[in-house]
Amino acid sequence: PPASQNNEQGSTLRDLLTTTAGKLRLGSTDAGIAFAPVYSTGTVSGKSGRTMPNILDDIIASVVENKIPPNRAPKINIKSEIKDEPKDDKKPIQDDCSKQYSDIQYSWICDKHVLWLRDHKNSNNWKLFKECWKQGRPVLVSGMHKKMNFSLWKAESISLDFGNQQADILNCKDSIISNTNVKEFWDGFEDVSKRQKVKNGETALLKLKDWPSGEDFKAMMPARYEDLLKSLPLPEYCSPEGKLNLASHLPGFFVRPDLGPRLCSAYGVAATKDHDIGTTNLHIEVSDVVNILVYVGIARGNGVLSKSGVLKKLEEEDLDDLLRKRLKDSSELPGALWHIYAGKDADKIREFLQKIAKEQGLEVLPEHDPIRDQSWYVNKKLRQRLFEEYGVKTCTVIQFLGDAIILPAGALHQV
């Protein structure tokens, strides 16, 4: 309830968290944390003393037992609810939701691992999304570009408005970063003849590294920021003001993850000789991520694959039948190739990459983490070995113009 209706301090968990943490200095307690630990007196290994607290449990217990007046006691039997819950919260929802969500246009792709919401305008999408999100599955929402002002996102438009800015440009093949004029990057975005050349005369595969990001994005590109916000899929979850976007509503004394937005722009591999490199190596994000493909450039110049050549390359991937069907649709414009892995497979993938590094004669240091360091793009041959030797299957998704890919925190991916 609003504070004006109930002034009793600590009557809700939120009140207790904010008032407790607000009063304490970081590190001032025995446990060295910001919350006041609630110790219980008992016997541990035969010795009398105070046990270390389970902070959240104690705070909740304090709220439930001491703070809520008797006349506001919950009528729900919590224990019976938990007892009745199915033990396996990963129970597939694909089989029993066709009738329940008959008003939503959706499909399952990637061996039923990814939910594809095909109508971005449906206000009930969040209901099915919620069930899928509980299971930590990625979600694809198509058609977001139809809500956007497309002219704002064209390469020449961004170059015209911000070409004089300096930014970090990453050479994706050798990971060399240079600080240069943004205009140079955008001039070569579709015209291959204007792209930088590396020592052997090969065209460089460049990426504009997270420029601009966060508050810089909002300050530098207010019109684009507003256009993006009004076009976000599932606004209940993805909008900064969304009622289910918990990170946005954390009290100020919490350290929040970088919620962006950030602009990720890169050349495609269509003009490079080596198609086994990526513009984003395998990595994990610490927060949930929504990635919208707002623009796809069509490269032109010598050595560039034709559209049919690009489609042929994509068809060589291990694709879902529905994605193959989308590739044949002339109204769809493919722009990015994603490989996604479940967070539970992280240790197996880490072990596999360290094994490959040793095979290639690379030094593997004890503190080296190939995923954290983002040092690998797992090519087709390695993806096959990963499946054969470790049983880890790759989820391959093609992102078309206007597609939003929503990934849960902890999901591994490369692009």
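Biologist: Which exposed residues sit on the face of α12 turned away from its buried side?
Modeller: That face carries Asp347 and Lys358. Keep in mind that this is a predicted model.

Biologist: And which residues of α12 are buried?
Modeller: They are Ala346, Ile349, Phe352, Leu353, Ile356 and Ala357. Looking down the axis of α12, these buried residues fall within an arc of 140°, so they line one face of the helix.

Biologist: Why would residues a few places apart point the same way?
Modeller: An α-helix has 3.6 residues a turn, so residues three or four places apart point the same way.

Biologist: What comes just after α12?
Modeller: Gly361 does, with a positive phi of about 75°.

Biologist: What does Gly343 touch, leaving out residues up to four places away in sequence?
Modeller: Gly343 touches Gly410, Ala411 and Leu412. Between Gly343 and Leu412 there are 6.2 Å in space, C-alpha to C-alpha, although they are 69 residues apart in sequence.

Biologist: New helix. Which residues of α4 are buried?
Modeller: In α4, residues 125-134, the buried ones are Asn125, Leu128, Phe129, Cys132 and Trp133. They cover an arc of only 140° around the axis, which puts them on the same side of α4.

Biologist: What covers them?
Modeller: The cover for the buried residues of α4 includes β3 (106-109), β4 (114-117), β5 (139-141), α9 (235-238) and β14 (404-407). Just after α4, Gly136 takes a positive phi of about 70°.

Biologist: Cysteines next. How many disulfides are there?
Modeller: Zero, from a search of the whole structure.

Biologist: Is Cys238 buried or exposed?
Modeller: Cys238 is buried, at a relative accessible area of 16%. Cys395 also counts as buried, at 6%.

Biologist: How many aromatic pairs does the structure hold?
Modeller: It holds 14. One of them is Tyr106 with Trp108, an edge-to-face pair with 6.5 Å centre to centre and 80° between the planes. Tyr106 is buried at 15% relative accessible area, and Trp108 is buried at 13%.

Biologist: Which rings are linked into a cluster?
Modeller: Ring pairs link Phe150, Phe185, Trp186, Phe189, Tyr267 and Tyr295. Tyr267 also has Arg195 over its face, at 4.0 Å from the ring centre.

Biologist: What lies over the face of Phe387?
Modeller: Lys393 does, at 5.9 Å from the ring centre.

Biologist: Last topic, the whole chain. How many helices and strands?
Modeller: The chain has 13 helices and 15 strands. Of its 415 residues, 43% count as buried. Among contacts between residues at least 6 apart in sequence, 68% join residues at least 24 apart.

Methods
Residues numbered from 1 in each chain as written. Predicted model: local features only at pLDDT ≥ 70, side-chain atom pairs only at ≥ 80, totals over all residues. Heavy atoms only, no water. Buried < 20%, exposed > 50% of the residue type's maximum accessible area, 1.4 Å probe, protein only. Helix = DSSP H or I, 4+ residues; strand = E, 2+ residues; numbered from the N terminus. Arc of directions from axis to C-beta. Disulfide = S-S within 2.5 Å. Phe/Tyr/Trp six-rings, centres within 6.5 Å; stacked < 30°, edge-to-face > 60°. Lys NZ or Arg CZ within 6 Å of the ring centre and 35° of its normal. Contact = heavy atoms within 4.5 Å.
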